[in-house]
Amino acid sequence: MDEFFDHRPFLVASIVMALVIVQVCLSGQTPTALMAAGMLVCALFVRIMTAEAYRRYGRGGDERRWLRIFAAM
């Protein structure tokens, strides 16, 4: 379960997504790039907050509950 809620792999993927967003912005699609950047920031925030909640409350708890939370995330 700890690997599911580790946010570091998502951070690496976010860096790659940010590079794509910069490329989209440079191609002239600024509104699309801004929307994608906003979605990326929101997803990153949710991912980090969920990982922190798991670290505080989830270890040794109900694994099925945390699997449902991970799937919803």
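**Close-up views of a predicted model**

**View 1. The contact between helices α1 and α2 in this predicted model.** From α1, the residues Phe-10, Leu-11, Ser-14, Met-17, Ala-18, Ile-21, Val-24 and Cys-25 meet Thr-30, Thr-32, Ala-33, Ala-36, Ala-37, Leu-40, Ala-43, Leu-44, Arg-47 and Ile-48 of α2. By class, the residues of this contact comprise 14 nonpolar, three polar and one charged. Helix α1 spans residues 8–26 and helix α2 residues 30–58; they pack at an angle of about 170 degrees, with their axes 9 Å apart. The two helices are therefore roughly antiparallel to each other.

**View 2. Arg-8 in helix α1.** Arg-8 has a relative accessibility of 55% and so counts as exposed.

**View 3. The aromatic pair of Phe-5 and Trp-66.** Five aromatic pairs are found in the whole structure. In the pair of Phe-5 and Trp-66, the ring centres lie 5.6 Å apart and the planes stand at 90 degrees, so the arrangement is edge-to-face. Phe-5 belongs to the segment before α1 and Trp-66 to helix α3 (residues 63–72), so that the pair links parts of the chain 61 residues apart. Both Phe-5 and Trp-66 are buried.

View 4. Tyr-54 of helix α2 and Trp-66 of helix α3 are 12 residues apart. Arg-65 lies over the face of Trp-66, 5.2 Å from the ring centre.

**View 5. The aromatic cluster.** Phe-4, Phe-5, Tyr-54, Trp-66 and Phe-70 are linked into a cluster by ring pairs.

Key
Residues numbered from 1 in each chain as written. Predicted model: local features only at pLDDT ≥ 70, side-chain atom pairs only at ≥ 80, totals over all residues. Heavy atoms only, no water. Axes fitted to C-alpha atoms, helices over the stretch in contact; angles between N-to-C directions. Helix = DSSP H or I, 4+ residues; strand = E, 2+ residues; numbered from the N terminus. Parallel < 35°, antiparallel > 145°, perpendicular 65-115°, else oblique. Contact = heavy atoms within 4.5 Å. Nonpolar A, V, L, I, M, F, W, Y, C, P; charged D, E, K, R; others polar. Buried < 20%, exposed > 50% of the residue type's maximum accessible area, 1.4 Å probe, protein only. Phe/Tyr/Trp six-rings, centres within 6.5 Å; stacked < 30°, edge-to-face > 60°. Lys NZ or Arg CZ within 6 Å of the ring centre and 35° of its normal.
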